[in-house]
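The sequence and the model are shown first.

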Amino acid sequence: MILYHIGHFGALSKALLIHLTYHKNDKCVIIIDQIIFNDEGKAFIKDFSIRAKDFAKVITYSDIEFINEKSVFSTEKHIKLFFDKMFSDYSIRLSEFKKIYSMFDTYNAFAAYVQMNNIPIIFIDAFGNLEKNRYYLNNKEQWQFYDEVIYKYRALGFDNPNCRIIYSTRENDSDKLNFENLKNLLSEEEKKKLLFLYGYESDTKTPEYCNLLVFSSGWICSEKKINKANYFYYYQLLLDLFCDNTRKILLKPHPNTSISKEEALNFFDNAEIIPGYFPSEFIDLLPNYEITNILSTSSSGIPRHIYGCNYFISFDIFYNDILCKKLYFALQIEKYLQPLYNKYFHIGLHNKLIWGMQENLFSKYDLKSKWVNLNNLEPNSITIIDNYEWNGVDDKYKLTKAMASLNNNAVLIFLDSKDTDNYIFSDYPSFRDWFISLKFCNKPNNMNIPVRTEKIHIFCKDISILNFLKCLNYNEYFHYTKQFLQLIK
């Protein structure tokens with residue numbers, strides 16, 4: 001017998017891959033902490049327990065049981081009595097299991113219980129948690145003593161000599177666990193079994209070309225206090241920047257974010273929702289989709305290059321939205337100039353925002369983006385430059401030297417995300433003859449929020465190009481977000 005402790009919804013898929021690879025001939029018990037599950041996930045677990053009954057006994061509980069304790073002693077006592085009773089009710093003896101795995105996020109009272117009983121356990125680092133050395137995350141008075149018990153028994157794995165830790169990796173590292181490799185080792189029948197366990201029967205339809213949009217955790221809504229319309233806006237922005245909007249969009253909510261079909265269609269055309277409980281890493285097993293682009297602000301589950309394309313990771317988009325909006329308009333300018341230009345560069349941008357555009361991975365703008373030396377500006381090139389990662393005097397000197405010596409039609413687009421506005425102009429007033437500024441504004445959903453005007457500065461010594469840019473109009477390239485961002489004439 002094998003026991004799997006699941007403390008995060010996404011860990012269930014990891015446990016199934018481990019079981020089908022290393023323990024396929026064993027029965028197992030899966031205990032699932034539902035503390036961060038939404039109603040959709042809880043309903044799925046009930047169905048899953050029926051579909052998995054030939055090899056697994058599924059037990060659910062919640063660490064919310066241990067909230068509001070008044071001392072470390074009472075918390076320890078509560079944890080011990082709770083799990084003693086739970087295992088007794090199911091006639092389970094932990095000492096009889098060949099292996100016990102724990103896969104979790106922040107909550108892990110089960111591991112504390114195991115340590116109280118001096119039973120060996122294997123921690124699986126499914127989400128990179130064990131590299132973060134994090135305790136006391138809850139930061140709430142009602143969880144104070146719970147956190148102290150978790151720390152006391154090293155229940156998140158750090159500095160715990162009594163536990164074996166297996167780290168996960170995306171690379172081919174023999175000392176770590178690569179879940180993508182485990183999936184590739186499965187037989188076709190075992191892959192079909194995974195789909196069956198998640199409620200999907202085989203489908204013989206012709207694969208449909210789709211864009212896959214994977215949502216990050218819904219807690220960002222409460223963290224930034226934004227409503228769903230604004231939450232969806234960031235993803236609409238990514239779709240406009242990087243995808244062909246004539247193709248179907250597959251929406252994959254995070255397990256703790258509920259999105260109804262009706263709600264999705266209010267914000268995304270031609271969309272279909274993959275249930276939040278379905279693992280992102282198993283989407284390529286679905287037979288009726290051909291994924292062409294993958295967009296996500298934050299996802300650890302999507303295998304890199306699994307579809308022959310990469311995906312956009314930028315959780316910081318929620319915190320640097322002005323930079324993203326400026327970049328959005330700069331890319332529109334690039335698109336407008338493409339008949340005249342064929343080289344594209346980026347310098348000094350927030351590296352997470354620009355990462356997804358590197359080397360023309362999936363942009364409809366046909367960007368050929370890379371970091372370049374500031375010593376010269378090539379003819380027929382467009383460079384988007386920003387002072388977000390500005391390296392001070394040295395970078396400024398190299399840039400202004402290149403601008404002064406420029407004798408071709410190269411275009412520089414300044415995002416100026418730090419809002420200094422004159423970080424070049426004030427020191428070099430002669431450059432003003434070759435600058436124009438384009439203004440745009442964000443039109444908020446809430447009319448009580450003031451409209452903020454942003455600027456993008458464009459430098460070129462070919463005056464005909466500047467005059468050409470003055471004819472720029474907001475156009476059909478932006479399907480989803482044109483209602484939010486407007487060019488100001």
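## Aromatic pairs

Rings of Phe, Tyr and Trp (its six-membered ring) count as a pair if their centres lie within 6.5 Å; planes under 30 degrees apart are called stacked, over 60 edge-to-face, and the rest tilted. By this criterion, a search of the whole structure finds 32 aromatic pairs. One of them is the edge-to-face pair of Phe66 and Phe82, with 5.4 Å centre to centre and 90 degrees between the planes. This pair links distant parts of the chain, 16 residues apart: Phe66 lies in the loop between S3 and H3, and Phe82 in helix H3.

## Basis of the model

The model is predicted: local features need pLDDT of at least 70, side-chain atom pairs count only at pLDDT 80 or more, and totals for chains, interfaces and linings use all residues. Residues are numbered from 1 along each chain as its sequence is written, and side-chain values use heavy atoms, with hydrogens and water left out.

Helices (H or I, at least four residues) and strands (E, at least two) are DSSP runs, numbered from the N terminus.

## Parallel strands

Strands S2 (residues 28-33) and S3 (residues 56-61) run parallel and are joined by six bridges; strands pair if DSSP finds at least two bridges between them. Ile31 stands opposite Ile59 in S3.

## Helix contact

Helix H3 (residues 72-89) and helix H5 (residues 144-152) have axes that come within 9 Å and cross at roughly 70 degrees. Axes are lines fitted to C-alpha atoms, for helices over the stretch in contact, with angles from 0 to 180 degrees between N-to-C directions. H3 and H5 are therefore roughly perpendicular to each other (65 to 115 degrees; under 35 is roughly parallel, over 145 roughly antiparallel, the rest oblique).
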